[in-house]
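Please consult it alongside the sequence and the model.

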Amino acid sequence: MELLNEKDLPYDFRYPESFKKAVVLGLTNLCPWNIMDANRVKIRLEGLKMRYPKRKLIPFAERQDNDDIACFEADKGEEVQSVHDFASSGWEQNGTFMNFIEWFKTAFDEMNLWGELIDCIESLELCKKQD
């Protein structure tokens, strides 16, 4: 998986080491969450700039079953913002995590719960098709 090149990241943002390590290790499909590749990040980034111009969001993961995305936010360190994309400005925020590791733990728990709710093999196949 190819991440957005750090020289192309907006706002002088740099990915946290914990995030880069997860990607290098291939920990990118946590159905229903998927870490986005560079092309997907570019698309979502442009949309976020238009929908939420007062924020400096850098998306990195999206849920396949709704419009939630996980983002870093420039000027907020390693904090992760959970955003319900396409919500009206001011109503988009639906959670905050101290850092990528905390977000990842929650995404991992959601993956396990999601597997209990629907056929896990089927959900993994859906995730693979999105790559």
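The points below are grouped by topic.

This is a predicted model, in which local features need pLDDT of at least 70 and side-chain atom pairs count only at pLDDT 80 or more, while totals for chains, interfaces and linings use all residues. Residues are numbered from 1 along each chain as its sequence is written, and side-chain values use heavy atoms, with hydrogens and water left out.

**Overall fold**

- The protein chain contains four helices and six strands, taken as DSSP runs numbered from the N terminus (helices H or I, at least four residues; strands E, at least two).
- Along the sequence, these elements follow the pattern α-β-β-α-β-β-β-β-α-α.
- Of the 131 residues in the protein chain, 44% are buried; buried means under 20% relative accessible area, exposed over 50%, and partly exposed in between (1.4 Å probe, protein chains only).

**Nonpolar cores**

- The largest nonpolar core has 27 residues, and Tyr 15, Phe 19, Ile 35, Phe 60, Phe 72, Phe 100 and Trp 103 touch the most other members. A nonpolar core is a set of buried Ala, Val, Leu, Ile, Met, Phe, Trp, Tyr and Cys residues joined through side-chain atoms within 4.5 Å.
- Two or more residues of this core come from each of α1 (17-24), β2 (33-35), α2 (38-51), β3 (57-63), β4 (68-73) and α3 (100-117). The most come from α3, which gives five residues.
- Another core, of seven residues, lies apart from it and includes Leu 48, Leu 57, Ile 69 and Ala 87.
- Beyond its neighbours within four places in sequence, Phe 19 is in contact (heavy atoms within 4.5 Å) with Leu 3, Ile 35, Phe 60, Phe 72 and Phe 100.

**Helix α2**

- Buried residues of α2 are Ala 38, Val 41, Arg 44, Leu 45, Gly 47 and Leu 48; their cover includes β3 and β4.

**Salt bridges**

- The structure holds 16 salt bridges, each a side-chain nitrogen of Lys or Arg within 4 Å of a carboxyl oxygen of Asp or Glu.
- Arg 40 and Glu 62 form one of them (3.0 Å, N to O). This pair joins helix α2 to strand β3, across 22 residues of sequence.
- Arg 40 counts as partly exposed because its relative accessibility is 31%, whereas Glu 62, at 14%, counts as buried.
- Lys 76 and Glu 73 also pair through their side chains (3.7 Å, N to O). Lys 76 is partly exposed at 39%, and Glu 73 is buried at 6%.
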